[in-house]
Amino acid sequence: MNPLVELNNITYKAQNKTILDIPEFQICAGEFLGIMGPNGAGKSTLLKVLAFLENQSSGAILYRGEVIPKGNVPLELRRKFSIALQQSLLLDGTVFHNIAIGLTLRKMPKTVIKEKVAHWLELFGISHLAKKNALYLSGGEAQRVNLARAMIIEPEILFLDEPFSALDFPTKIKLMEDFKGIIETARTTAVFVSHDLMEINYLTNRLAIIVNGEVKQSGPTPRVLEHPNSSTASFLNEWKKFYPLAR
Amino acid sequence: MELLIDGIKKAFDMILSGDREVFAITWLTLKVCLISILISTLIGLPLGILLGLTRFKGRRILLLFINIGMGLPPVVAGLWITMLLWRSGPLGDLTLLYSPTAIVMAQILVSLPIVTSLTCTAFQQISEKMLLQIKALGATRMQTLIILIKQLKIAILAAIMAGFGRVIAEVGAAMMVGGNILGDTRILTTTIVMEVSKGNFDIALALSFILLSVALLITAALTFLQQRKRIS
């Protein structure tokens with residue numbers, strides 16, 4: 001499978017500290033890639049580097065085999081990706097306005113925007129909230145708006161940074177179920193950062209474990225979870241005490 | 001109480017009788033205040049955004065001076081502008097002293113730090129994550145700026161209102177650089193001071209009501225802009 005994004009000898013340093021040191025890493029089309037690791041392992045930084053939102057300190061990032069010049073990422077390329085963070089970070093305005101923002105920024109015709117927003121509002125089950133101010137939504141509703149806002153631009157890669165972690169358990173389960181259905185139907189390539197084994201196990205088909213800024217193990221999610229290597233065993237086994245691995 | 005009622009009556013008389021002098025003074029007051037706050041906004045808004053969103057060498061020192069400027073006594077501002085425009089001063093050749101332009105300059109000096117500092121404070125509260133999210137939505141730098149200005153509309157208009165409050169209330173600097181010349185640089189605040197010194201309390205009170213009405217109208221318009229279309 002041809003990789004969409006490749007990292008070659010990437011390092012990311014901040015305040016003289018190496019946050020990431022990754023010799024080789026790829027995102028392939030159609031996969032739902034999970035990135036898991038302990039707090040401070042560099043998961044979110046890796047996500048930002050992959051999404052061209054942070055510049056690497058050294059090394060090369062390739063998009064469809066072409067090296068993308070560091071610090072000079074074309075807007076058209078940046079617009080192929082979207083991101084949903086842990087905090088929904090919605091704007092003061094209606095839910096409709098929030099979901100439409102990505103299309104508005106791309107100067108889409110108003111009729112197209114209206115049509116697409118209505119479609120995504122329905123898919124995420126939030127049509128009834130369209131005229132509500134997004135700042136007055138519950139956590140679960142806000143995260144649905146956040147995900148719809150990210151999905152509406154039909155990104156080539158969707159980056160997710162712990163979007164379910166702040167939700168209560170029933171809300172999380174319902175949203176994850178709906179989201180899985182939506183993303184499978186849309187066949188969107190996704191990169192999902194989480195420290196929650198249950199979320200990773202439910203959503204992803206490939207998993208990379210990152211510890212101290214290095215990818216210690218990667219492969220199909222069930223295989224990584226069932227056969228952790230010496231570098232990832234202690235981290236994964238702690239989790240496995242709490243969650244059964246049945247998919 | 002009687003004086004207060006007399007003042008209100010006098011104010012109505014002045015307005016209804018179409019007193020040309022009062023209208024001219026009110027118009028000049030409105031003109032210099034609006035021009036001052038417009039220029040302060042045109043400079044203070046981008047400067048405040050720059051200070052709020054970016055980090056550069058000397059930023060903190062610049063911010064310190066701007067914050068000190070918020071408490072700049074108007075008479076000090078007036079004195080500086082006077083020295084600048086004095087015949088032998090650096091801008092003496094422009095012969096602007098005792099002109100409405102000089103009043104505008106003094107009012108900019110007292111309102112610019114307020115608009116800049118309050119705008120900076122608003123923009124500084126934008127989190128890195130919010131900026132990242134807007135960038136990730138595919139916004140260009142200009143689009144990011146427009147989104148942020150719309151998001152911070154309430155705080156920005158509050159900064160402009162605070163600046164306007166300062167210029168409409170300003171008297172010391174206007175007196176010093178304008179000279180309170182009838183038909184040329186006499187504005188409502190300087191006229192009130194003059195009438196009080198002459199013992200004409202009823203006229204002073206009447207003018208104070210007119211001044212308050214002007215301030216109220218402008219502030220109400222800005223408040224309307226600030227608060228409209230807030231959906232719950």
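A search of the whole structure, which is a predicted model, finds two cavities of 30 Å³ or more. A cavity is here a set of points, on a 1 Å grid over the protein atoms alone, where a 1.4 Å probe fits but cannot get out. Grid points are joined across faces, edges and corners, and a volume is the space filled by probe spheres set on the points.

Residues are numbered from 1 along each chain as its sequence is written, and chains are lettered from A and ligands numbered from 1 in the order in which they are written. In this predicted model local features need pLDDT of at least 70, side-chain atom pairs count only at pLDDT 80 or more, and totals for chains, interfaces and linings use all residues, while side-chain values use heavy atoms, with hydrogens and water left out.

**Cavities**

- The largest cavity has a volume of about 50 Å³. Its lining consists of A:F52, A:E54, A:N55, A:Q56, A:I61, A:I68, A:P69, A:K70, A:G71 and A:V73, where a lining residue has an atom within 4 Å of a point.
- By class, five residues of the lining of the largest cavity are nonpolar, three polar and two charged. Ala, Val, Leu, Ile, Met, Phe, Trp, Tyr, Cys and Pro count as nonpolar, Asp, Glu, Lys and Arg as charged, and the others, Gly among them, as polar.
- The second largest cavity has a volume of about 40 Å³. Residues of two chains line this cavity, namely A:A51, A:L53, A:R78, A:F81, A:S82, A:I83 and B:A136.
- Strand β6 (residues 81–84) of chain A gives the most to the lining of the second largest cavity, with three residues. The lining of this cavity comprises five nonpolar residues, one polar and one charged.

- B:K135 belongs to helix α6 (residues 128–136) of chain B. Helices (H or I, at least four residues) and strands (E, at least two) are DSSP runs, numbered from the N terminus.
- Leaving aside neighbours within four places in sequence, B:K135 is in contact (heavy atoms within 4.5 Å) with A:L53 and A:R78.
- With a relative accessible area of 31%, B:K135 is partly exposed. Buried means under 20% relative accessible area, exposed over 50%, and partly exposed in between (1.4 Å probe, protein chains only).
- The C-alpha atoms of B:K135 and B:L211, 76 residues apart along the chain, are separated by 46 Å.

**Antiparallel sheet of chain A**

- An open sheet of four strands in chain A has the order β2-β1-β4-β5, with antiparallel pairing. Strands β2 and β5 (66–67) stand at the edges with a single partner strand each, so one side of each is left without a neighbour in the sheet.
- Two strands pair if DSSP finds at least two bridges between them. Strands β1 (residues 3–14) and β2 (residues 17–28) of chain A run antiparallel and are joined by 10 bridges, and A:K13 has A:T18 in β2(A) as its bridge partner.
- β1(A) and β2(A) form a hairpin with two residues between them, and A:Q15 in the turn has a positive phi of about 50°.
- Strand β4 (residues 58–63) of chain A is joined to β5(A) by two bridges in antiparallel fashion. A:Y63 has A:E66 as its bridge partner in β5(A).

**Strand β8 of chain A**

- Six of the six residues of strand β8 (residues 189–194) of chain A are buried. A:T189, A:V191 and A:V193 lie on one side, and A:A190, A:F192 and A:S194 on the other.
- Strand β3 (residues 32–36) of chain A runs parallel to β8(A) with five bridges, and A:L33 stands opposite A:V191.
- Strand β7 (residues 157–161) of chain A also pairs with β8(A) in the parallel sense, over five bridges, with A:D161 and A:V193 as bridge partners.

**Loop residues with positive phi**

- A:E154, in the loop between α5 (139–151) and β7 of chain A, has a phi near 50°. This residue counts as exposed, at 51% relative accessibility.
- B:N180, in the loop between α9 (172–178) and α10 (188–197) of chain B, has a positive phi of about 55° although it is not a glycine. B:N180 is buried, with a relative accessible area of 9%.

Note on methods
On a 1 Å grid over the protein atoms alone, a cavity is a set of points where a 1.4 Å probe fits but cannot get out, and a pocket is an open set with protein on both sides within 12 Å along at least five of seven lines; lining residues have an atom within 4 Å of a point.
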